[in-house]
There are 2 protein chains.
Amino acid sequence: MDYSPALMTDMYEYTMLDATLRDGTANRKCVFEIFTRHLPEGRRYGVVAGTGRILDELEKFHLSDEDLKFLSDRHIVSKETVRWLENFRFTGNIRGYREGECFFPNSPILQVEGTFGECTLLETLLLSILNYDSAVASAASRMTSAANGRPCFDMGGRRTNEWAAVAAARAAVIGGFQGTANLLAAQLYDLKAIGTAAHCFTLLHDSERDAFESQVAALGRDTTLLVDTYNIEEAVRTAVEVAGPDLGGVRIDSGDLASLAQRVRNQLDALGATGTKITVTNDLDEYALASLQTAPVDSYGVGTKLVTGSGAPTCAMVYKLAEREGDDGRMVPVAKKSKDKATVPGRKLAYRSFDGAGDGTVALADGEHVVAGSEEKLAAFPATAPDNWRDLLVEFVRHGENDSSWQGHDAIVNAQAHHAASLAELPVTAQSLMKGDPAIPTDITVL
Amino acid sequence: MDYSPALMTDMYEYTMLDATLRDGTANRKCVFEIFTRHLPEGRRYGVVAGTGRILDELEKFHLSDEDLKFLSDRHIVSKETVRWLENFRFTGNIRGYREGECFFPNSPILQVEGTFGECTLLETLLLSILNYDSAVASAASRMTSAANGRPCFDMGGRRTNEWAAVAAARAAVIGGFQGTANLLAAQLYDLKAIGTAAHCFTLLHDSERDAFESQVAALGRDTTLLVDTYNIEEAVRTAVEVAGPDLGGVRIDSGDLASLAQRVRNQLDALGATGTKITVTNDLDEYALASLQTAPVDSYGVGTKLVTGSGAPTCAMVYKLAEREGDDGRMVPVAKKSKDKATVPGRKLAYRSFDGAGDGTVALADGEHVVAGSEEKLAAFPATAPDNWRDLLVEFVRHGENDSSWQGHDAIVNAQAHHAASLAELPVTAQSLMKGDPAIPTDITVL
């Protein structure tokens with residue numbers, strides 16, 4: 001289907017555009033910021049993901065004739081606004097946290113700078129992508145830590161929207177996963193794809209032996225055979241008889257995984273299949289993975305809990321106007337005062353500070369610092385920032401041109417590496433699965 | 001982007017296809033069934049949604065040259081399988097529960113009949129769509145009941161994947177919602193679209209009065225003005241001054257909604273704006289809606305909790321082989337015996353029974369009846385089914401041809417009406433928000 005991300009947008013963005021084109025304020029320069037007021041309950045950190053997808057979608061963010069006709073026929077915008085939209089493309093700037101970066105409450109994850117008209121149209125798409133992708137990457141990161149070096153693979157596509165599944169596979173890799181079962185994700189982002197057979201394959205055949213022989217004939221001895229359709233012990237025996245002791249792996253998808261893995265390991269070793277790997281896949285989350293650390297498991301397939309953010313399916317990120325041009329051409333910091341939803345006026349800088357630098361110990365992050373103020377004060381601030389503060393904002397889009405180094409397969413690989421480094425720099429409590437406060441505190445300074 | 005739903009598929013579906021084409025079992029006739037083993041904790045019923053989208057996607061389920069090259073280059077399937085896939089289209093039959101139908105544990109929500117090869121390729125797509133869409137429709141239904149006649153609108157697109165947002169808008173309407181903020185959903189499914197302005201619109205202007213005047217000039221007096229950017233009381237006064245007592249509505253998006261709605265109602269009435277409606281929109285779920293029943297609110301905008309299934313972001317539906325052809329051409333019921341995941345062999349019929357029929361009282365559902373057995377026994381069963389049992393299975397696809405009456409806008413309207421009727425037939429405990437057992441019990445009879 002030919003679709004336009006430009007209509008993946010809440011109607012009020014277009015009605016606001018229409019009203020502001022009439023009164024002239026659509027051309028006021030603005031800075032919008034994306035942040036979250038709080039992490040999901042008890043979480044120590046979040047993981048940014050989705051920015052590369054945002055850049056992909058921005059390249060397609062324009063309205064087709066059909067889209068314009070829809071906006072006109074539904075009387076959502078005026079004829080003048082339709083004309084303004086005909087050649088729409090975003091011409092502003094976007095900065096923010098890298099994919100893979102850890103974030104905390106009030107971290108300015110994305111900053112969008114441009115006219116009100118162009119910035120308001122992006123809100124829904126940017127939030128949809130960041131809220132979902134970051135939820136999955138955050139869950140994937142916790143699972144990867146709990147797996148403690150054993151590879152995790154995404155098998156969750158069946159439990160979420162079909163396009164969310166594709167985004168989830170990408171976000172999971174940023175969070176530390178090694179690959180996915182989802183072929184469209186593997187195709188679009190050049191990810192490792194995994195998978196061999198389901199229970200229906202065994203049931204389709206006249207016997208489990210027939211099924212295993214068929215699978216080994218097609219996929220080789222190195223394949224992974226699913227051993228819990230009927231009786232696991234018989235299946236393991238049959239598997240090694242069919243494939244020989246060089247069988248690549250077996251998968252267990254039900255029952256008490258720790259004790260079953262131990263029994264299967266013992267049986268495989270007794271049969272001489274000492275190199276055969278064990279994969280387990282039954283409704284895993286980070287807590288289950290942590291409890292399996294001493295079980296003889298070689299890799300994990302994670303489904304439902306990954307693609308639903310392991311209890312936190314969205315990040316509660318919002319897109320708020322931080323400053324806008326006034327009649328005199330100067331930027332005016334602005335903020336709403338709504339109860340429990342007040343915002344801090346002005347564009348933000350963001351830094352993470354580190355202790356121990358220079359004294360021979362490993363430097364660990366000890367604070368997130370958000371700095372707001374007038375454009376003049378912000379421009380002068382970086383030269384005066386403490387030495388142990390690291391600037392967290394990078395540039396993604398300049399005058400409407402993507403920096404393509406943040407897109408594509410390599411960007412995902414880099415984001416995964418960056419996330420591992422970013423997490424390693426946090427105090428070790430960040431990796432605790434116990435509920436608690438964010439791993440480092442955030443302070444907001446208004447210059 | 002031009003995409004293929006055929007690759008929105010777990011890799012093992014293709015490796016199973018490849019192995020079974022080699023050994024000949026790919027051509028065995030099969031019946032797969034989609035069901036869930038349990039409702040989300042404490043839920044009384046689920047609501048089927050997504051089937052219409054499945055039919056839309058089936059029409060596009062074929063592999064492009066690029067897709068075939070990907071499968072070949074990655075060595076996922078053999079050259080022979082690539083040839084088999086070149087002209088792939090599903091030629092089998094699909095039956096199941098209507099969209100809007102209430103479902104329970106073990107309800108056979110979808111039955112897919114065809115060769116193993118064609119049925120296995122559909123698994124991921126069918127489950128992705130039904131699991132997500134039904135999760136949203138189920139949440140929407142509970143919210144609609146709790147809203148007790150006041151209209152609910154979907155405003156959740158920003159809190160879920162950008163395509164999930166479109167599906168959620170459609171599913172929400174099936175569950176009883178009246179419209180959506182999402183324009184692509186409104187365009188694709190001809191849904192009512194809603195939305196006027198966000199806080200940034202007020203902040204962009206030099207004063208709240210300027211913003212309200214601009215909005216009324218663009219959208220008319222009948223618009224809804226957002227009144228909680230600064231001070232609600234002042235905003236309401238300004239709103240009525242600007243638009244007059246015929247102002248369409250005001251929206252409150254923060255604070256204690258019940259008490260604020262009462263104060264705003266009193267203020268509006270005192271200003272003569274007795275017809276001005278009040279919409280509230282702050283992190284609502286079914287519990288919040290129930291608590292607002294006595295507050296003077298006219299409509300609700302629901303976001304995060306709708307699109308994330310209000311605590312149950314997926315339905316845990318699975319796709320299992322129920323029977324398959326044997327060498328002799330006869331159908332063989334099959335089932336896996338995995339611990340806690342055993343299945344019931346054989347294709348299923350499904351009925352809902354009603355009490356009170358014929359005695360002048362309203363007939364209420366009192367049981368879900370799943371009947372399994374050989375093809376011969378199932379064929380003979382309907383003639384002997386009790387009079388108060390209603391057949392729940394309808395036909396969606398016959399020999400690969402969609403019944404298009406289940407697709408498009410009218411199908412959504414019909415599904416909404418069907419859901420309202422289906423829910424009204426359940427015991428009233430179904431609409432309780434207290435955690436408990438499914439509203440009616442399900443029994444499984446093997447003939």
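Contact here means heavy atoms within 4.5 Å. With that cut-off in hand, I opened the predicted model and went to the two chains.

**Entry 1: the interface**

I looked up who touches whom, and found that chain B brings 102 residues to the contact and chain A brings 102. Next I wanted a size for this interface. I turned to area, since the size of an interface is often given as the accessible area lost when the parts come together. Chain B and chain A bury about 8,600 Å² between them. I noted that carbon and sulfur atoms account for 59% of that area.

**Entry 2: charges and polar pairs across it**

How many salt bridges does the rule find across the interface of chain B and chain A? I got 14. I picked out one pair to look at: Asp10(B) and Arg158(A) join their side chains in a salt bridge, at 2.9 Å from N to O. My count of residue pairs in polar contact between chain B and chain A came to 64, with both residues at pLDDT 80 or more. I then sorted the side of chain B that touches chain A by class, which gave 47 nonpolar, 27 polar and 28 charged residues.

**Entry 3: salt bridges overall**

I widened the search to the whole structure and found 54 salt bridges over all chains.

**Entry 4: domains of chain A**

I checked the domain assignment, which gives domain 1 as 5–138 + 312–346 + 393–424 and domain 2 as 196–297. Their C-alpha centres lie 46 Å apart.

I also read the UniProt record, an unreviewed entry, which places "domain: Nicotinate phosphoribosyltransferase N-terminal" at residues 7–131 of chain A. For that span I noted 43% helix and 18% strand, with the end C-alpha atoms 18 Å apart.

Terms used: Residues numbered from 1 in each chain as written. Chains lettered and ligands numbered in written order. Predicted model: local features only at pLDDT ≥ 70, side-chain atom pairs only at ≥ 80, totals over all residues. Heavy atoms only, no water. Domains from an automatic or database assignment. Buried area = accessible area lost by both parts, 1.4 Å probe. Salt bridge = Lys/Arg side-chain N within 4 Å of Asp/Glu carboxyl O. Polar contact = N/O pair within 3.5 Å; in protein donor to acceptor, adjacent residues only side chain to side chain. Nonpolar A, V, L, I, M, F, W, Y, C, P; charged D, E, K, R; others polar. UniProt positions renumbered as here; feature names shortened; annotations may be inferred. Helix = DSSP H or I, 4+ residues; strand = E, 2+ residues; numbered from the N terminus.
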